[in-house]
Amino acid sequence: MNLKILFFFCWYFFQITYSSSQSPKNFQRLLVEVKELSKENQGQLIANYVTRNSFPLLEDDSVIFLVNSTVEPQILGDFNGFMNKRYVTDSSLSYMTKIGLSDWYYYKRQFEPQSVVNYNFLLGEKTILDTLNSSRRQSFGSLYSLFKMPDAKSYPSYKSYQLEGNLLKDSIFSEIQQHSRTLHVYLPPDYEQNHSLPAIYFHDGSFHISEMQAHKIIDSLIVNNIITPVIAVFDDPVIRGKEYREDSAFSSYVENELFQTLESKYSISLDADDNAAIGFSRGGMSALYLSRLNHRFSKIGAFSPAIYPKSIPAFTKELESSSQKSAHYFITKSAYDYIWADDASKLKDYFSRIDVQLSYTEIPMGHNIQSWRTLLDDMLIGFYSID
């Protein structure tokens with residue numbers, strides 16, 4: 001063998017062996033070894049460790065998030081409410097720990113085995129994605145870094161699913177609210193051959209279409225004879241913060257304008273036992289509100305209903321002021337929904353004590369559309385299963 005080639009291989013093997021010996025076996029050992037080095041060597045040791053591991057790093061029973069920053073960073077995630085200033089007052093929830101004298105910071109915590117969470121980093125005034133993690137997903141129109149625990153469930157994707165029904169765009173002018181509203185209406189396959197179909201009203205209509213793929217999930221369940229054919233109405237809010245907070249004008253619009261318009265155009269059942277109102281977050285709060293003050297629905301789906309800062313006792317007292325009772329409630333709780341997880345738990349306790357049908361599910365995820373999408377088929381089957 002050529003001596004130059006032999007020398008090269010010996011040198012390369014030495015570099016690999018030496019480099020490996022300079023990389024600590026685990027993160028805790030890294031924190032110990034860093035203390036014995038100068039700032040420059042600390043940075044080199046950490047950089048070497050980073051190149052040999054995937055982040056976020058799952059080690060023992062904890063997950064470690066890492067970021068390099070010249071300013072003190074914060075981690076913003078489902079698990080601390082993304083430090084929403086309106087609802088989160090404990091600033092320590094986002095603190096990251098500096099590693100020695102370096103510009104590296106870490107955040108460590110435990111997650112349930114099937115957890116899925118969204119997160120980002122805040123560097124000064126700038127929010128950034130995790131450059132050490134290529135996994136991303138969109139929620140509420142924004143992009144987030146995504147972390148999944150090894151036992152996280154896989155769910156079918158509907159992005160490439162070809163509709164066999166139809167999704168139509170429509171609009172309505174509300175005299176009550178004095179504005180125009182955008183609607184999308186899903187009609188099932190063989191719609192013309194069906195009469196008086198059940199109707200599902202979705203709050204935050206466009207989000208349910210673009211990010212939850214609700215129309216495709218419904219279509220697939222109908223095509224596979226899992227649920228009965230239904231019409232789905234996706235209504236976009238105009239003044240969301242007002243409409244979805246126990247707004248009597250919005251409730252009146254749904255009762256007296258929206259359904260009258262839909263009944264004049266589509267074959268929708270007039271029987272409240274056939275119809276459902278579904279929403280997430282504040283939309284879930286609104287769906288619960290509609291269940292008592294509106295006579296169009298007997299099925300109510302509330303994904304991670306956001307009631308706080310109003311108390312649950314105050315909210316349920318208002319629900320009790322109406323004699324209208326819905327037949328079936330489906331409520332979900334996201335365990336890593338820092339701000340509103342307790343609302344779902346307390347609503348479960350409330351509805352368990354009164355004479356209604358309640359379906360309740362908890363998932364180790366956050367307050368986001370992708371989390372709720374994993375449960376939409378369960379909700380629809382619970383409401384419209386073909387026996």
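User: What should I know before I start?

Analyst: This is a predicted model, where local features need pLDDT of at least 70, side-chain atom pairs count only at pLDDT 80 or more, and totals for chains, interfaces and linings use all residues. Residues are numbered from 1 along each chain as its sequence is written, and side-chain values use heavy atoms, with hydrogens and water left out.

User: OK, how many aromatic pairs are there?

Analyst: The count is 30 aromatic pairs. Rings of Phe, Tyr and Trp (its six-membered ring) pair if their centres lie within 6.5 Å; planes under 30 degrees apart are stacked, over 60 edge-to-face, and the rest tilted. One of them is Tyr87 with Trp340, edge-to-face at 5.1 Å centre to centre with 65° between the planes.

User: Why would I care where Tyr87 and Trp340 sit in the sequence?

Analyst: Tyr87 is in the loop between strands E3 (73-77) and E4 (97-98), and Trp340 is in the loop between strand E16 (328-334) and helix H10 (341-353), so the pair ties together parts 253 residues apart in sequence. Those labels are DSSP runs numbered from the N terminus: helices are H or I with at least four residues, strands are E with at least two.

User: Buried or exposed, those two, Tyr87 and Trp340?

Analyst: Tyr87 and Trp340 are both buried. That means under 20% relative accessible area, with exposed over 50% and partly exposed in between (1.4 Å probe, protein chains only).

User: Which rings link into a cluster?

Analyst: Ring pairs join Phe65, Phe79, Tyr107, Phe111, Tyr119, Phe121, Phe147 and Tyr336. Arg109 also lies over the face of Phe111, 4.8 Å from the ring centre. For that call, NZ of Lys or CZ of Arg has to be within 6 Å of the ring centre and within 35 degrees of the ring normal. Lys299 has its charged end over the ring of Tyr384, 5.7 Å from the centre.

User: Switching topics: what order do the strands take in the open sheet?

Analyst: The 4 strands run E1-E2-E5-E4, with antiparallel pairing. Strands pair if DSSP finds at least two bridges between them. E1 (57-59) and E4 are at the edges with a single partner strand each, so one side of each has no neighbour in the sheet.

User: How many bridges hold each antiparallel pair?

Analyst: E1 and E2 (residues 62-68) have 3 bridges, E2 and E5 (residues 104-109) have 6, and E4 and E5 have 2. Glu59 is opposite Ser62 in E2, and Phe65 is opposite Tyr107 in E5. Lys98 has Tyr105 in E5 as its bridge partner.

User: What's in the turn between E4 and E5?

Analyst: E4 and E5 make a hairpin with 5 residues between them, and Gly100 in the turn has a positive phi of about 55°.

User: Last one: where does Ile231 sit?

Analyst: Ile231 is in strand E13 (residues 231-235), buried at a relative accessible area of 0%. Ile231 is 36 residues from Ser267 in sequence, and their C-alpha atoms are 8.5 Å apart.
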